[in-house]
Amino acid sequence: MQDVGTMGIEHALLPEQGLVAPGEAIIGADSHTCTYGAVGAFSTGVGSTDLGAAMSVGYTWFKVPAAIKVNVTGNKRKYVTGKDLILYLIGKIGVDGALYKSLEFTGDGIKNLSMADRLTIANMAIEAGAKNGIFPVDDVTREYLKGRVNREWKEYKADYDAEYESVININLDELDCTVAWPHLPENAHSARDGKDIKIDQIVIGSCTNGRLEDLQAAAEILKGHKLADGVRGIIIPATQNIYRECIKTGLAEIFLDAGCIISTPTCGPCLGGHMGVLAKGERCVSTTNRNFVGRMGHTESEVYLASPYVAAASGILGRIAHPEEVF
C-alpha cells in the first residue's frame, strides 16, 4: 500500500524512498523484485502463497543459488547504458543461462555504472533466469543512499576465495547500443542493424528505465526534433517525484514539443494493460524488460527492447536507429 502523493512503480519507488538497503533480504510477489540487488541487497520474486506465508510467520525457505561472476571492465561509450549491458549479457547466455543462479556484478568497470544503470541491470537479472542479481556496495551506492535510508545497514562482500560456476567478462569499451528483437530478451542485435525495421510506437519508462536519468537521456535525443509521421511516443516517469522533476527541469516540455504524450506513473503498456497496447502488426521500441509474444498487446505485434537513447532516436527516424544517426 502507498499513500496518495507517493505514487510510483514499486521497483523504482522503493529505492527512491529508502525502503531497501544493503544487506537486507527482500522478497516480493513480482519477478522484478530482483531490482534491489543494485544497492547490495538480496532480493527476489516469489509466488503469492510464499509471500503470504512470509508475511504471516516472518520467514521463508530458499535454496542457496550457485553464483555467476560478471566481471565488468572499462568505461561506457557515449549513448551506452546499463540497458545495453544487460541485453548484451542475456544475448550471450540466454534467457535460461543463469537459471536459479546469482548474477554477481563486479570488476573495475562497476564504478563507471550509475545507480540508474545498476537498477536497470539488476531488474533484468530475472530475464536471464537468475534468482537474483547483485552489486557490491561502493561510493556510488553510498552516495545514492544518503538522505534516503535512515536506518543502519550492513555491507557484505564476496569472500576472497569465493567459488563461481562461471566467469563472464564484459568490456564496456567494446559495448555498443543493443536491441533485443522479438520475441525474447536474448535475441540481441546491434541497434545499427535495424535500419529496415519500421516502427509504430516508442515507450520510454517502466520499472526498468523510467528513472530521471533515463528520461534525461531520452530528452537529450528528442530535443529540437519531432517524432516521425505515424509514430506514437509515450513517456512514463516511474514515480511521482520523477514526474515532478520532468516538469521542473523542462523535460516535459521537450517531450511534448517532440510530439510525445506523458503518463502518470504506471506499468501501463509493459504488460499490455493500457496506455499503448499494440494492435495486430504494430511494432514498438520499448525501454521495458520483456518482449514475449503478446506482451504488449496483440499476439502478432512486436516489441523491441532498447535503452532510452535508442528508443528516442527510433521515434525520430521512424525505424530502429542508433542515436548517432540523429545528429
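**Entry 1: overall form**

I began with the radius of gyration. The protein chain has 327 residues, so a compact globule of that length would come out near 20 Å, and the value of 19 Å agrees. I note at the outset that this is a predicted model.

Next I looked up the extents. The C-alpha trace spans about 55 × 45 × 35 Å along its principal axes. For secondary structure I listed 10 helices and 13 strands.

How much of the protein chain is buried? I find 53% of the 327 residues in that class. Residues 24 or more positions apart account for 73% of them.

The accessible surface comes to about 14,400 Å². Carbon and sulfur atoms hold 50% of that surface. I also checked the charges. There are 31 positive and 40 negative ones, and their mean positions lie 2 Å apart.

**Entry 2: the nonpolar cores**

I went to the largest nonpolar core, which has 47 residues. Which members touch the most others? They are Leu85, Leu89, Leu103 and Phe105.

The helices are helix 3 (82-93), helix 4 (115-123) and helix 5 (139-145). The strands are strand 3 (66-73), strand 4 (101-106), strand 6 (166-171), strand 10 (232-236) and strand 13 (302-305). Helix 3 gives the most, with 5 residues.

I then took leucine 89 by itself. Setting aside residues up to four places away in sequence, leucine 89 touches Val70, Leu103, Phe105, Ile168 and Ile170. Two of the names on that list, Leu103 and Phe105, I had already noted for touching the most other core members.

**Entry 3: backbone exceptions**

Most residues other than glycine have a negative phi, and most peptide bonds are trans. I searched for departures from that.

The peptide bond from proline 182 to histidine 183 is cis, with omega near 0°. Histidine 183 sits in the loop between strand 7 (178-180) and strand 8 (188-190).

Serine 206 has a positive phi, near 85°. I place this serine in helix 6, residues 206-209. Is serine 206 buried or exposed? Its relative accessibility is 6%, so serine 206 counts as buried.

Methionine 275 also has a positive phi, about 60°, without being a glycine. I find methionine 275 in the loop between strand 11 (261-262) and strand 12 (283-286). Its relative accessible area is 28%, so methionine 275 is partly exposed.

**Entry 4: threonine 141**

I moved on to threonine 141 in helix 5.

What is threonine 141 in contact with, leaving aside neighbours within four places in sequence? I list Val39, Met115, Arg118 and Pro136.

I also took a distance from threonine 141 to isoleucine 316. The two are 175 residues apart in sequence, and 34 Å apart in space from C-alpha to C-alpha.

Threonine 299 lies in the loop between strand 12 and strand 13. Not counting residues up to four places away, threonine 299 touches Val293 and Gly294. Threonine 299 and serine 31 are 268 residues apart in sequence, and their C-alpha atoms are 22 Å apart.

Where is aspartate 50? I find this residue in helix 2, residues 48-57. Aspartate 50 has 42% relative accessibility, so I class aspartate 50 as partly exposed.

Note on methods:
Residues numbered from 1 in each chain as written. Predicted model: local features only at pLDDT ≥ 70, side-chain atom pairs only at ≥ 80, totals over all residues. Heavy atoms only, no water. Helix = DSSP H or I, 4+ residues; strand = E, 2+ residues; numbered from the N terminus. Rg over C-alpha atoms; globule rule 2.2 N^0.38 Å. Buried < 20%, exposed > 50% of the residue type's maximum accessible area, 1.4 Å probe, protein only. Contact = heavy atoms within 4.5 Å. Areas by Shrake-Rupley, 256 points an atom, 1.4 Å probe, with all protein chains shown as cover. Lys, Arg positive; Asp, Glu negative; His and termini not counted. Charge placed at Lys NZ, Arg CZ, Asp CG, Glu CD. Core = buried A, V, L, I, M, F, W, Y, C linked by side-chain atoms within 4.5 Å.
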